[in-house]
Amino acid sequence: MTNSWPNWINTQDHIGSQYPYYSNHQESPDFSLNFNEIIDTIPKADRELDLQSLIEIMMRSYIIGDKTLVKSIKRSPWMAQYNEGINDWHYHDIPPHGKKVIDPQEAAIVLKKIVYEEILSFIGNSKRVGILLSGGMDSRILAGVLRETQINKDFNGEVIVYNWGINNSRDVWYAKKIADKYSWHYKHFPLNPDVLKETFYIVQKVGTEIIPYNLHAMNAVANDTDSDIVLAGSYGDTLGRAEYNGTPLKNVPPIVFDNANKLGIIKEKLIKEYYGNIKRDSMSYRNSIDRHSREEYQYRETEYQRHHSRRYLTTAMSVIAMEKPLYQLFTSPKAVSYLWDLDVSIRSDVLYENILPLLPGEISQIPWARTGKLFGDNEDIRTDNGTSASHQYGKWLRNDLRSFIDKEMDLNLLNSLGIFNEKSLDKIYKIWPKASSSSVNKLDSTISWLTAFSIFMKKYNLATNAVYGKVFKDRLNSLVIPPKYQAYQVVRDKLKK
């Protein structure tokens, strides 16, 4: 490893490792989790905007593959380790998939044992361990097994619970209950418009690759001095329960949408030029790095892990990892190999229903924040009237931060790049603040990212070398799509009431 590689990252064979940035500008790469540190090594004249990356963010809210918004900066590849001797990457094996059907209770016992070993390997000699704890199930399993390492005297240090959200949310209530049951120190970081505004600047540290609001209160966790390392269970839904964005694995669509320009904001000539490359990049490991034969839904799982989990979820977590080691549960080779060998009928709610009663403190009796009911309970009876939402990002963006976004989202700058359909962008921007729901919608996420991107472009003044004229479909998009999304917002607002 070069001296610049973060010395605590020895998890390159883990699906949920961290992936530092590096530059192709020099013969031997410098690595950093902080994008700003890498771009500062590149002469201003050599900084060019990667247009394919921009399309991918507008389509999926993250970048596909190893690219960034700057052509000469990359992310470390998935499941790869840098070999300084040959100045190249060594790729670890991607675990195979199976269809093993076993008793769910047996599967839960084995998984709990693997997770126990995983936690101890992450902790090492650390004495102050922070955990990201919500009212969900994944972090609850992390908490329960971590508590068991204390009970068994395998870990004798302190645990600090980190939790964020608005005060009347079930995420906050239930995390506090678990912390109290285990007599752990609990730290709650509130979410509000000021915290949200800060994320537009913090997201610059991860190359403006994701929507700012997904950083939540991670910067507060990063700068808290009470923990030496942080553990998270963010990969549990995907690996443990085979659920991607709320969709069961067998039903997940391809990474690349048929329509990569749903809002009609980008010029169609640009979409047409890069669409084939985007599609190929999304599936590039199938016939290269991946040595195992898989069914289509299994290939898609590897691609959701490589692209969605790595470039969206892990990128957000990098804000914490810049300041202290951060490890993701369920992502070690042993854990992934075990889970992927199971049939998806086992990798479901039934697995969690069997593992939760095995955890100390009867924390399975604390309801699930998503529903307000005990996990696995199908009766329509909620135990409290707290909210399932831990924030009001949509409302805060459209109201509290409206003047901030009006100032920072520079339409003149964006239109000068020659890649945006100006009329569509202008109409979408005028429609955006008319929504009334507290949660975020497609327009909220788009306007949020374009605001952060405007800040990014002003900061680094990247060259684009883009000349794309308008075609008939651009004119059609500007006439048809904005009214469609205006109607979408009206219907969505009614459903959210």
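Analyst: The largest cavity is lined by Ile57, Met58, Ser61, Ile211, Lys442, Ser445, Thr446 and Trp449. A cavity here is a set of points, on a 1 Å grid over the protein atoms alone, where a 1.4 Å probe fits but cannot get out, and lining residues have an atom within 4 Å of a point. The model is a predicted one, in which local features need pLDDT of at least 70 and side-chain atom pairs count only at pLDDT 80 or more, while totals for chains, interfaces and linings use all residues. Residues are numbered from 1 along each chain as its sequence is written, and side-chain values use heavy atoms, with hydrogens and water left out.

The volume of the largest cavity is about 50 Å³, and the structure holds four cavities of 30 Å³ or more. A volume is the space filled by probe spheres set on the grid points, which are joined across faces, edges and corners. Helices α2 (51-60) and α17 (442-460) each give at least two residues to the lining. Of these, α17 provides the largest share, four residues. Helices (H or I, at least four residues) and strands (E, at least two) are DSSP runs, numbered from the N terminus. By class, the lining has four nonpolar, three polar and one charged residues. Ala, Val, Leu, Ile, Met, Phe, Trp, Tyr, Cys and Pro count as nonpolar, Asp, Glu, Lys and Arg as charged, and the others, Gly among them, as polar.

In α13, Tyr393, Gly394, Trp396, Leu397 and Arg398 are buried, where buried means under 20% relative accessible area, exposed over 50%, and partly exposed in between (1.4 Å probe, protein chains only). The cover over these residues of α13 includes α6 (193-202), α14 (402-408) and α17.

The loop between α12 and α13 holds leucine 374. Leucine 374 counts as partly exposed because its relative accessibility is 26%. Apart from neighbours within four places in sequence, leucine 374 is in contact (heavy atoms within 4.5 Å) with Ser364, Gln365, Ile366 and Pro367. Its C-alpha atom lies 27 Å from that of asparagine 214, a residue 160 places away along the chain.

Two loop residues have positive phi. Histidine 216 sits in the loop between α6 and α7 (218-223), with phi near 45°, a positive value in a residue other than glycine. With a relative accessible area of 19%, histidine 216 is buried. Asparagine 465, in the loop between α17 and α18 (472-496), has a positive phi of about 50° although it is not a glycine. Asparagine 465 is exposed, at a relative accessible area of 65%.

Next comes a group of parallel strands. Both faces of strand β9 (residues 229-232) are covered, with Ile229 and Leu231 buried on one side and Val230 and Ala232 buried on the other. Strand β6 (residues 128-132) runs parallel to β9 and is joined to β9 by three bridges; two strands pair if DSSP finds at least two bridges between them. Isoleucine 131 has leucine 231 of β9 as its bridge partner. Strand β12 (residues 326-328) also pairs with β9 in the parallel sense, over three bridges, and there valine 230 is partnered by leucine 326.

Helix α3 (residues 104-123) packs against these strands. Its buried residues pack against β6, α4 (138-151), β9, β12, α11 (333-341) and α12 (349-355). Among those buried residues are Ala107, Leu111, Ile114, Val115, Glu118, Ile119 and Phe122. The expected span of a helix is 1.5 Å times one less than its number of residues. For the 20 residues of α3 that gives 28 Å, and the end C-alpha atoms are 28 Å apart, which agrees.

The antiparallel pairings remain. Three strands form an open sheet in the order β2-β1-β3 with antiparallel pairing. Strands β2 (31-32) and β3 (73-75) stand at the edges, each with a single partner strand, so one side of each lacks a neighbour in the sheet. Two bridges pair strand β1 (residues 21-23) with β2, and tyrosine 22 has phenylalanine 31 as its bridge partner in β2. Strands β4 (residues 80-83) and β5 (residues 88-91) run antiparallel and are joined by four bridges. Asparagine 83 stands opposite aspartate 88 of β5. The hairpin of β4 and β5 has four residues between the strands, and asparagine 87 takes a positive phi near 50°.

Technical notes. 1 Å grid on protein atoms, 1.4 Å probe; cavity = no way out; pocket = protein on both sides within 12 Å on 5 of 7 lines; lining within 4 Å.
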